[in-house]
Amino acid sequence: MLEAEMAYATNQDSMRLQEDMVSRLYPTSLPTAVEELKALERDIIPLQRVTPPFIRMDYGEAVKTLQGKGSTIQ
């Protein structure tokens, strides 16, 4: 989790900043971590497509989505 702190920023401002930071992290870090990700059997194709805006949902929606995919989270 990333907690960006900004004076006078709204929650939406903070989420936008965090999306930008994460989406800029992948193009710079993926080339240096390809071997490690392969060792972890991680498909890097989805990581190469990380772009904002990200899907936003509240906790209840996230739980329902995960339960619909077979998770036992409550």
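**Charged pairs in their setting**

Author: Start with the contacts: of those in the chain with a separation of 6 or more, 36% are between residues 24 or more positions apart (contact here means heavy atoms within 4.5 Å). Bear in mind that this is a predicted model, where local features need pLDDT of at least 70 and side-chain atom pairs count only at pLDDT 80 or more, while totals for chains, interfaces and linings use all residues. Numbering runs from 1 along each chain as its sequence is written, and side-chain values use heavy atoms, with hydrogens and water left out.

The layout is quick to tell: three helices, zero strands, in the order α-α-α. Helices are DSSP runs of H or I with at least four residues, strands are E runs of at least two, and both are numbered from the N terminus. The C-alpha atoms fill a box of roughly 40 × 35 × 15 Å along the principal axes. Of the 74 residues, 14% count as buried; that label means under 20% relative accessible area, with exposed over 50% and partly exposed in between, using a 1.4 Å probe and protein chains only.

Now the charges. There are 8 positive and 11 negative ones, and their mean positions sit 6 Å apart. Lys and Arg are the positives, Asp and Glu the negatives, while His and the chain ends are not counted; each charge is placed at NZ of Lys, CZ of Arg, CG of Asp or CD of Glu.

How many salt bridges does a search of the whole structure find? Two, a salt bridge being a side-chain nitrogen of Lys or Arg within 4 Å of a carboxyl oxygen of Asp or Glu.

Aspartate 13 pairs with arginine 16, with the closest N and O atoms 2.6 Å apart. Both belong to helix α1 (residues 11–39), three residues apart, or about one turn of the helix. Aspartate 13 is partly exposed at 27% relative accessible area, and arginine 16 is partly exposed too, at 44%.

The other joins glutamate 19 to arginine 56, at 3.1 Å from N to O. Glutamate 19 lies in helix α1 and arginine 56 in the loop between α2 (45–48) and α3 (59–68), so this pair ties together parts 37 residues apart in sequence. Glutamate 19 counts as buried, at 6% relative accessibility, whereas arginine 56 is partly exposed at 35%.
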